Amino acid sequence: MLSRILFRRRIHHHHRHRHHTNQSPTATATSAAEIPLSHPIYQIWSSNTSLGKTLVSSGLASSFLLSPPSISPSPSPSPSPSPSPSSSSFIYLKPIQTGYPSDSDSSFLYSKLNSLSRLRNLPISASHSILYSSANAAAAKCGYDKLLSSPLQGIVDLGFSETDRINDNTGRRLLCKTLFAWEEAVSPHLAAAREKALVEDSVVVETLGRCLREGVETGERDVFCIVETAGGVASPGPSGTLQCDLYRPFRLPGILIGDGRLGGISSTISAFESLKLRGYDIDAVVLEDHGLFNEASLMSYLRKRVPVLVLPSIPKDLSDDLVDWFGESQNTFNSLKEVMLSAYAERKQRLNSMQKKAGDILWWPFTQHKLVPEQSVTVIDSRCGENFSVFKAQSSEYITQQFDACASWWTQGPDATFQTELARDMGYAAARYGHVMFPENVYEPALQCAELLLQGVGKGWASRTYFSDNGSTAIEIALKMAFRKFSFDHALQLVFPNNGRAEKQIELKVLALRGSYHGDTLGAMEAQAPSSYTGFLQQPWYTGRGIFLSPPTVYMSNGIWNLSLFEGLLSDDQQLEDLTFSSRDEIFDKRRDESKLAGLYSSFISEQIQMNSGSNGKGHIGALLIEPVIQGAGGMLMVDPLYQRVLVNECRKHKIPIIFDEVFTGFWRLGAESAAELLGSVPDIACYAKLMTGGIIPLAATLATEDIFNSFIGDTKLMALLHGHSYSAHAMGCTAGAKSIKWFKDPLTNSNITDQRSLRELWDPEMVQQISSHPAVQRVVALGTLCALELQAEGSNAGYGSVYASSLIQKLRDDGVYMRPLGNVIYLMCGPCTLPKTCRQVLTKVYKRLDEFHQTRN
């Protein structure tokens with residue numbers, strides 16, 4: 001503390017102008033927050049260090065301030081008159097600087113622009129500041145004798161600022177700012193470690209975001225902002241994270257400084273590909289002329305889609321003030337500025353037009369278009385890990401962050417790091433394989449993914465993997481498998497002549513649960529009970545080829561777990577003493593198998609099977625099909641695991657094949673790799689999709705036992721499973737699947753994995769209990785990555801078709817939480833890697849909005 005006070009006093013006496021700040025480098029909940037689109041903001045990248053990033057930044061500042069733009073940075077594609085020079089600001093931000101104070105890029109730009117403005121007799125008002133630095137850098141800046149102080153370490157609030165006020169009334173303003181500085185001129189991660197002044201990624205991102213927002217508070221009509229990186233594209237930041245990953249939450253459009261030297265073509269292309277792989281838009285490549293014509297090869301590689309601009313050779317004489325060089329380069333910098341302004345205007349025009357275009361030409365699934373006003377359409381610019389970057393055009397235009405709290409229809413799991421890993425591996429698979437045919441062929445991604453599935457979710461029971469494209473298709477394949485096995489076990493195949501057609505009609509049905517949902521294809525819909533999805537308006541062919549039982553459900557209300565039984569289970573003279581549980585773990589306790597309730601379940605289920613098992617010579621229950629533990633689209637209902645376990649056991653006694661629909665519940669969605677682990681039972685067939693690939697690309701798999709597989713073995717192709725699609729086991733999907741399976745279960749890549757091979761508690765138990773006790777809430781289910789709550793509602797306000805939750809959902813989206821309801825059921829869904837603190841932040845927002853929602857309804 002003493003050293004910090006001395007630094008601040010020295011700085012106060014040393015500089016012409018002192019600026020105090022109370023801001024400190026701490027991160028908030030939403031790291032990137034709102035990024036303004038009211039003016040261009042560009043990031044300057046470089047293929048390597050010492051290629052002239054700061055010279056390009058200075059040239060752009062000169063072009064913008066000392067020769068006003070000729071194209072208006074507005075959504076309109078047509079040029080407009082040049083803006084008045086009395087309303088222009090150029091903002092230069094350098095988030096990371098090493099070698100300070102002897103080397104300071106922001107100081108160079110500040111000094112150079114002041115010199116050029118005087119030379120050209122175009123006065124500007126300029127300011128330069130350094131926000132935070134290591135203690136070493138602060139001591140060097142102040143001339144403080146480090147040998148007389150206590151050991152120096154940590155980041156200090158340097159707060160240095162200097163301003164040239166000679167031309168304070170010109171209207172042309174230059175603001176130069178370095179955010180974090182270290183003394184040693186090495187890579188930032190080394191400087192931070194050696195000077196014991198580490199800065200977390202979230203702090204860098206939050207501080208930069210704050211500075212970007214401050215840039216629009218001055219009120220100028222024309223603002224141009226540059227964010228200059230340090231070193232090369234993949235140079236580490238202070239924490240060691242590559243800068244191309246560190247700044248990814250912003251996804252600012254970029255300019256790449258290429259390398260005109262020998263070997264520069266390769267390094268420039270590598271840098272460009274590294275940025276494109278992470279989803280960055282690069283609007284131009286700029287390089288110094290070294291006489292090797294590297295620009296020709298780069299233009300050929302980029303196919304002229306990205307302009308390549310060439311700057312004159314930079315003088316090597318260190319005493320050269322570069323005034324002549326800037327003069328020679330002015331036309332190039334003017335051209336670069338126009339490219340950037342044009343790309344900015346085109347981007348804004350695209351973003352502003354998307355809502356209307358979407359309403360005119362798209363047909364959204366599960367959406368009543370009449371209920372979706374144009375202004376409510378969410379325009380997603382990009383995704384980074386668990387967050388959408390969403391374009392907003394209200395009182396001002398900006399990009400804001402929304403946490404994807406519905407996991408994009410339950411598919412998503414990657415954080416930002418894993419997203420990049422998946423993109424890289426999928427790119428490799430696409431480049432190596434493209435797409436290749438699967439039947440009778442094998443290639444590494446398909447084989448590896450199949451092996452991992454059998455060693456993971458299929459461990460101990462499955463021996464075969466059948467790939468398909470989506471969950472609904474996987475279910476239809478599973479039904480075909482189950483019906484064939486049932487037919488063989490019950491000698492129904494004897495009624496088949498050689499051509500495979502039955503001489504008499506045999507009806508095979510499924511045994512399933514009411515409230516279940518198994519997909520949208522016609523066959524999958526036949527295997528579910530009547531619902532909003534199966535009515536005549538949706539599926540006129542629907543007949544419902546099954547026996548559908550009402551399941552008992554479990555839920556939390558007022559902080560207590562309750563069991564709700566279905567009508568018909570208990571006779572008038574029967575009763576159960578306690579239908580509550582002290583904890584969620586008690587619900588899954590296998591000691592319940594010896595309870596009176598287990599006997600009641602068994603008797604009821606056995607009776608139902610007996611009543612519907614071929615007594616008329618035609619109808620048979622050919623398969624059991626259930627969503628283990630949680631029924632998703634049916635309203636996030638938690639089925640009593642004891643009931644499902646008994647159901648499985650009874651069907652196995654009657655040689656009815658068992659299918660688990662784990663399209664939603666698989667791959668850690670409920671806290672275990674497979675929901676079968678929670679249930680304490682294994683199937684004969686199980687279906688997986690969604691999280692299997694990390695949600696980045698569609699792929700599904702139906703796993704089966706060897707007995708199921710053997711029922712398709714015969715001397716004729718007609719005995720085989722005649723089902724498939726053109727992209728079965730496509731290489732990119734299998735590559736993503738293999739990567740995701742390994743990533744989610746590895747404690748080194750997923751910090752949520754416990755020693756018990758389960759996810760740690762992600763949703764704060766106390767907050768979940770509070771929400772379950774809220775007067776607006778009827779029930780809550782929290783398990784694994786899911787936290788669902790049903791709002792108190794009656795009549796038309798309840799059920800899937802209800803819009804009762806619409807106002808609450810909109811408020812939460814405004815709060816940065818993107819949700820999509822199931823009628824009056826709203827749910828939060830994170831990924832297996834989501835930090836518990838993130839889940840708590842989301843729950844806090846939900847609880848706050850529930851209070852407001854309840855007050856407006858009462």
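Mentor: Strand 14 and strand 25 run antiparallel and are joined by five bridges; strands here are DSSP E runs of at least two residues, helices are H or I runs of at least four, and both are numbered from the N terminus. Within this pair, Phe 467 has Ala 701 of strand 25 as its bridge partner. The model is predicted: local features need pLDDT of at least 70, side-chain atom pairs count only at pLDDT 80 or more, and totals for chains, interfaces and linings use all residues. Residues are numbered from 1 along each chain as its sequence is written, and side-chain values use heavy atoms, with hydrogens and water left out.

The two strands belong to an open sheet of seven strands with mixed pairing, in the order 14-25-24-23-20-15-16; two strands pair if DSSP finds at least two bridges between them. Strand 14 and strand 16 (546-549) are the edge strands, each pairing on one side only. On average, neighbouring strands of this sheet are turned by 25° against each other, direction ignored.

Helix 14 (residues 471-489) lies across strand 14, strand 15 (507-513), strand 20 (619-626), strand 23 (658-661), strand 24 (685-688) and strand 25. Its direction runs at about 140° to strand 20. Such angles run from 0 to 180 degrees between N-to-C directions, and the axes are lines fitted to C-alpha atoms, for helices over the stretch in contact. Contact means heavy atoms within 4.5 Å.

Helix 13 (residues 444-455) has twelve residues and reaches 16 Å from its first C-alpha to its last, close to the 16 Å expected at 1.5 Å a residue; the expected span is 1.5 Å times one less than the number of residues. Its buried residues are Pro 445, Ala 446, Cys 449, Ala 450, Leu 452 and Leu 453. They cover an arc of only 165° around the axis, so they lie on the same side of helix 13; the arc is that of the directions from the helix axis to the C-beta atoms. On the other side of helix 13, Glu 444 and Gln 455 are exposed. Buried means under 20% relative accessible area, exposed over 50% and partly exposed in between, with a 1.4 Å probe and protein chains only.
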